[in-house]
Amino acid sequence: MLVLLRLLFPVCDSQDHVSAVSTLLDELSALLPPPAAPFMGSRSWQEVFAELGTKLPADFVALIERYGNFHIVVQARDDHGRRIPTEYLGVRDPRAERSVSWAQAAIYRAERFQALPPLDRGPDLWPAPGGFLGWGATTNGEWLGWLTQGPSDEWPVAMTRAGDRWLDEIAAISATEFLVNWLTGVPDFELPDLSADSPEAPIECRAHPLS
């Protein structure tokens, strides 16, 4: 099932877009400061884009250049009801040097999910035209990404979740705006409350090794 939450992107010129990306990133940084010593990939964005065959959204590039490879750590409950720091949302730097690159991993996932029965498979995955390309995952099994439709800066954010069937939700916003909304208590999708007043409120953004 697809739930369209917003229909249109605002129309803006290039300079307005750059300013909007910077403003959103500053807002996110105020809500969740970046790691003091982030882990940054060593590949160039040009290499990543060439391998993918497409650019990635400018806001995501700016997000990674500020945060690096990171996890959002929240206060989760253990089996005894005690609050413990838990790495909840992980976002990978596509520039990281690994035995399997970001693009190769996406292709592998697409091939693996194509082998599933249609009801279990969910949306087409990138590199299928307009397919889902993931950029983050939670420990609860939610997979965040984009539907790669049209210019990269207009890709809507989407979420898919594994269960008896796949549930897909779409919001015509950027990844950074999605994170800001989530951390201010107005998540665009059905997700745990991560606002400052929530018991699960994030306690830090932790740099994560690039392995």
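## Aromatic cluster

Rings of Phe, Tyr and Trp, with the six-membered ring standing for Trp, count as a pair if their centres lie within 6.5 Å. By that rule, Phe60, Tyr88, Trp102, Trp135, Trp146, Trp155, Phe178, Trp182 and Phe189 form one aromatic cluster. The model described here is predicted.

A search of the whole structure finds 12 aromatic pairs. In one of them, the ring centres of Phe132 and Trp143 are 4.9 Å apart. Their planes stand at 65°, so this pair is edge-to-face. Phe132 belongs to strand β4 and Trp143 to strand β5, so the pair ties together parts that are 11 residues apart in sequence. Both Phe132 and Trp143 are buried. Another pair, Phe178 and Phe189, has ring centres 5.2 Å apart. Here the planes meet at 40°, so the pair is tilted. Phe178 sits in helix α6 (residues 175-183), while Phe189 sits in the loop between α6 and β8 (202-207). This pair also ties together parts that are 11 residues apart in sequence. Phe178 counts as buried at 0% relative accessibility. Phe189 counts as buried at 4%.

## Overall layout

The protein has six helices and eight strands. Along the sequence they follow the pattern β-α-α-α-β-β-α-α-β-β-β-β-α-β. Of the 211 residues, 45% are buried. The accessible surface comes to about 10,800 Å². Carbon and sulfur atoms hold 55% of that surface.

How much of the contact count comes from residues 24 or more positions apart? Such residues account for 59% of the contacts with a separation of 6 or more.

Helix α2 spans residues 45-52. Which of its residues are buried? Trp45, Val48, Phe49 and Leu52 are. These four cover an arc of only 95° around the axis, which puts them on the same side of α2. On the other side, Gln46 and Ala50 are exposed. After the helix comes Gly53, whose phi is positive, near 80°.

Strand β2 (residues 70-77) and strand β3 (residues 83-91) run antiparallel. Eight bridges join them. Within this pairing, Val74 has Thr86 in β3 as its bridge partner. The hairpin of β2 and β3 has five residues between the strands. In this hairpin, Gly81 takes a positive phi near 80°.

Strand β3 also pairs with strand β4 (residues 132-138), again in the antiparallel sense. Three bridges link β3 and β4. Leu89 stands opposite Thr138 in β4. In a regular strand, side chains alternate between the two faces of the sheet.

Asn140 lies in the loop between β4 and β5 (142-147). Asn140 and Leu89 are 51 residues apart in sequence. In space, their C-alpha atoms are 9.0 Å apart. What does Asn140 contact, leaving aside its neighbours within four places in sequence? The partners are Tyr88 and Pro192. Tyr88 is also one of the residues in the aromatic cluster.

## Salt bridges

The structure holds five salt bridges. One joins the side chains of Asp26 and Arg66, at 3.1 Å from N to O. This pair links distant parts of the chain. Asp26 is in helix α1 (residues 14-31) and Arg66 is in helix α3 (residues 58-67), 40 residues apart. Asp26 is partly exposed, with a relative accessible area of 41%. Arg66 counts as partly exposed at 29%.

Arg43 forms a salt bridge with Glu51, their closest N and O atoms being 3.1 Å apart. Is Arg43 buried or exposed? Arg43 is buried, with a relative accessible area of 13%. Glu51 counts as partly exposed at 32% relative accessibility. The side chains of Asp93 and Arg95 meet at 2.9 Å, N to O. Both Asp93 and Arg95 are buried. Salt bridges that share partners also join Glu87, Glu204 and Arg206 into one network.

Notes. Residues numbered from 1 in each chain as written. Predicted model: local features only at pLDDT ≥ 70, side-chain atom pairs only at ≥ 80, totals over all residues. Heavy atoms only, no water. Buried < 20%, exposed > 50% of the residue type's maximum accessible area, 1.4 Å probe, protein only. Helix = DSSP H or I, 4+ residues; strand = E, 2+ residues; numbered from the N terminus. Arc of directions from axis to C-beta. Pairing = 2+ DSSP bridges. Contact = heavy atoms within 4.5 Å. Areas by Shrake-Rupley, 256 points an atom, 1.4 Å probe, with all protein chains shown as cover. Salt bridge = Lys/Arg side-chain N within 4 Å of Asp/Glu carboxyl O. Phe/Tyr/Trp six-rings, centres within 6.5 Å; stacked < 30°, edge-to-face > 60°.
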